[in-house]
Amino acid sequence: MMTDFGKRLKELGPLGEGEGIDRNELRSKLETVTKLVPYIKLVKREKLALHLAKEEEYNALFTRDEVDKLFREVISYHIDPDLCQACMICLKKCPVEAIVGGKNQIHVIEQEQCIKCGTCFDACPPRFGAVKKISGEPVPTPIPEEKRTIARKSKNIEWYRKEY
């Protein structure tokens, strides 16, 4: 089996060469795919768990159209700075620590670290609704760090003394 696999690899030649893709474009595509592996594992976990006997069954299971659609419809998550209350719930729940921020500081998702799992989306309290799901369009640029501090209005509580 391994000998046949090795022969088949040699027939195909170097990656990208047979497809007519130059090295820089190939490198860019591979970097994109690498970043999406955790997302693909989440979205297609049922299919990935199957153990099929024949190569044809795998080819039918993961069609070219399905793979292309998967890459076109990649979901990203973004924290709307106008809605973020800096409650730190999403920050604490992120499994890969892709959210930066702190107390009284608007949170930002580091897109390079994000695995697209949706934990932040699920964790954000509905009354805030700060985490947005984005598909088919670029993620907005995060606000600069110096503009992330939330100015909280303090409540002026007047203390009254009761006279007895």
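Begin by selecting N104, which takes a positive phi near 60° in the hairpin of β2 and β3, where two residues lie between the strands. The model on screen is predicted, so local features rest on a pLDDT of at least 70 and side-chain atom pairs count only at pLDDT 80 or more, whereas totals for chains, interfaces and linings use all residues. Residues are numbered from 1 along each chain as its sequence is written, and side-chain values use heavy atoms, with hydrogens and water left out.

Next, select the two strands themselves. Strand β2 (residues 99-102) pairs with β3 in the antiparallel sense over three bridges, pairing being assigned if DSSP finds at least two bridges between two strands. Highlight G102, whose bridge partner in β3 is Q105. Then colour β3 (residues 105-109) by burial: four of its five residues are buried, so this strand is largely enclosed by the rest of the structure. Buried here means under 20% relative accessible area, exposed means over 50%, and partly exposed lies in between, with a 1.4 Å probe and protein chains only.

Not counting residues up to four places away in sequence, H78 touches I109, A130, V131, K132, I134, V139 and P140, where a contact means heavy atoms within 4.5 Å.

For a contrast in exposure, select K10 in helix α1 (residues 2-12); K10 is exposed, with a relative accessible area of 72%.

Finally, zoom out to the whole protein, which has seven helices and four strands, running from the N terminus as α-α-α-α-α-β-α-β-β-α-β. The radius of gyration is 24 Å, well over the 15 Å that the globule rule gives for 164 residues, so the protein is more spread out than a compact globule. That radius is taken over C-alpha atoms, and the rule is 2.2 Å times the number of residues to the power 0.38; helices (H or I, at least four residues) and strands (E, at least two) are DSSP runs, numbered from the N terminus. Along its principal axes the C-alpha trace spans about 95 × 35 × 25 Å, and 23% of the 164 residues count as buried. Among contacts between residues at least 6 apart in sequence, 59% join residues at least 24 apart.
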